[in-house]
Each structure stands twice: as C-alpha cells, then as structure tokens.
Amino acid sequence: MAADVLIRSARPDDAGALSRLGRRTFIDTFVTGFGIPYPQSDLAAHLDKTFGVEATLVALAEPGAAWWVADRDGDLLAFANAGPNGLPHPDAKPSHAELRRLYVDKSAQGLGLGTALLIRALDWMQANGDGPLWIGVWSGNLKAQKLYAAHGFEKAGEYQYPVGAWLDEEFILRRDGRAG
Ligand SMILES: CC(C)(COP(=O)(O)OP(=O)(O)OC[C@H]1O[C@@H](n2cnc3c(N)ncnc32)[C@H](O)[C@@H]1OP(=O)(O)O)[C@@H](O)C(=O)NCCC(=O)NCCS
C-alpha cells in the first residue's frame, strides 16, 4: 500500500466526503461497470437513502458500528463499514458482525487499499462479534468475491438486496469467527 495513505477511523466531519465517495463508487461499480439497469427513480432513491450526507452522519453515529477510511492528505480514497449483522440467514444473529461496505474509489483500486481496510475491519469484527463473520456481496461481483474468499469467506446463502424497488441478487458469505 502507498506510504502516504493513512488508514484511520472515520470522524463525523468525514460525512460529506464519505457521501460523495459512496455515491460515486456505487455508480462506477454497479451502473457504469456492471451495467445493472436500475430504473432511474430506484437508483436516485437508493443513493439518497444510503449515501446522503444526513444518512451518512446518522450511520457514522450508529452504536456498535465502526468505520474506517483511507486518507491521503485529507482526500478520502476508500472506506469500510462493519457493525451488527443484518443479513437474512437462518444462522446469523445481530450479535454477529457484518461487513456492510468496502468501497475503494475507481482511481485508487488495485493499490492494496481494499485489502488493508478489509484486514482492519475483520480484526474489529472478530473482536466485536460473538459468532461467524458475515458479508453480503452482489452475485456478479467476482473481484470482490475473490478477495473475500482469499480471507476465508465461503458462500452460505443468497438474498435479494433492495435498490429502491429493484432487487439485486446477492450472495451471503460467512467465515467462522475463530478463523485466521
Ligand atoms: C473490490 C475492492 C474492494 C478491492 O479493493 P482494491 O483496493 O481494488 O484491491 P487490492 O488492491 O487490495 O487487491 C485485492 C485483490 O484484488 C486483485 N485485483 C486488484 N485489481 C483488480 C482488477 N482490476 N481486476 C481483478 N482483480 C484485481 C488484486 O490482485 C488482489 O488480489 P491478490 O491479493 O491475489 O493480488 C475494490 O476494487 C472496490 O471497492 N470495488 C468497487 C466496490 C466493490 O465492489 N466493493 C465490494 C463489494 S461491496
């Protein structure tokens, strides 16, 4: 990873930059990149609900959740968010930890930032959950699935993730909480 990039916990005053980075990375990845044909109104509703500044401020203050950013001279290049599990799997409980998001800006992908943030998040998840670790990932996102598999995650199920009224087909990944 580049020496001038700092991995640190997110602060409330990161909300504006996190909002812009999240919005941009969602569009770059799923709309421009994978070409998922979200209806415009569903996409707009999802972006506001998930990446709006107000929503981000609330999410940053969520009890039991944690956020990390990759910061280069005040520019946020990537972020990760973990917290109590919300994935709909019969074995999954809220006391388990879930990686909710791992987003690296398009311009900074392939530099090791995703791996660095993932390692940081997994350490926290191991320490703050009392069971397996969980991740939801889009079924077509092979690059992310390969990264998670390299860190011990295996497919445990499927579910549908709402983007407005549109439903994405997602995989549920699981790793035993005690795995290395
Ligand atoms: C998936 C993602 C988190 C990976 O982070 P990254 O910083 O780009 O990846 P890293 O540099 O840490 O590399 C991780 C692995 O991916 C591989 N990789 C990097 N760029 C790649 C590319 N363009 N295509 C395929 N594999 C690639 C690397 O070789 C590395 O594997 P290795 O450890 O076996 O060498 C990042 O690309 C991303 O945020 N993508 C968009 C959003 C997303 O899909 N998030 C995850 C699901 S929510």
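This note describes the fold, the nonpolar cores and the aromatic pairs of a predicted model.

1. Basis of the note. The model is predicted, with local features requiring pLDDT of at least 70 and side-chain atom pairs counting only at pLDDT 80 or more, while totals for chains, interfaces and linings use all residues. Residues are numbered from 1 along each chain as its sequence is written, and side-chain values use heavy atoms, with hydrogens and water left out.

2. Overall fold. The chain contains 5 helices and 7 strands; helices (H or I, at least four residues) and strands (E, at least two) are DSSP runs numbered from the N terminus. Their order along the sequence is β-α-α-α-β-β-β-α-β-α-β-β. The radius of gyration is 15 Å, close to the 16 Å given by the globule rule for 180 residues, so the chain is as compact as a globular protein of that length. This radius is taken over C-alpha atoms, and the rule is 2.2 Å times the number of residues to the power 0.38. The C-alpha trace spans about 40 × 35 × 30 Å along its principal axes.

3. Of the 180 residues, 46% count as buried (buried is under 20% relative accessible area, exposed over 50%, partly exposed in between, with a 1.4 Å probe and protein chains only). Among contacts (heavy atoms within 4.5 Å) between residues at least 6 apart in sequence, 63% join residues at least 24 apart.

4. Largest core. The largest nonpolar core has 28 residues, and Leu99, Leu113, Leu117 and Tyr148 have the most contacts inside it. Such a core is a set of buried Ala, Val, Leu, Ile, Met, Phe, Trp, Tyr and Cys residues joined through side-chain atoms within 4.5 Å. Helix 4 gives the most to this core, with 6 residues. Leaving aside neighbours within four places in sequence, Leu117 is in contact with residues including Ile7, Trp68, Val69 and Phe79.

5. Second core. A separate core of 24 residues includes Tyr38, Leu76, Trp138 and Tyr159.

6. Aromatic pairs. The whole structure holds 12 aromatic pairs. Rings of Phe, Tyr and Trp (its six-membered ring) pair if their centres lie within 6.5 Å; planes under 30 degrees apart count as stacked, over 60 as edge-to-face and the rest as tilted. The rings of Phe30 and Trp138 form an edge-to-face pair, because their centres are 6.3 Å apart and their planes stand at 90°. This pair links distant parts of the chain, with Phe30 in helix 1 (residues 15–33) and Trp138 in strand 5 (residues 133–138), 108 residues apart. Phe30 counts as buried at 11% relative accessibility, and Trp138 is buried at 17%.

7. A stacked pair. Trp67 and Phe79 are stacked, because their ring centres lie 5.8 Å apart and their planes are at 25°. Trp67 belongs to strand 2 (residues 66–72) and Phe79 to strand 3 (residues 75–84), so the pair ties together parts that are 12 residues apart in sequence. Both Trp67 and Phe79 are buried. Ring pairs also link these residues into a cluster whose members include Phe30, Tyr38, Trp138 and Trp166.

8. The loop between strand 2 and strand 3. Asp73 is found in this loop. Asp73 has phi near 50°, a positive value in a residue other than glycine, and is exposed, with a relative accessible area of 72%.
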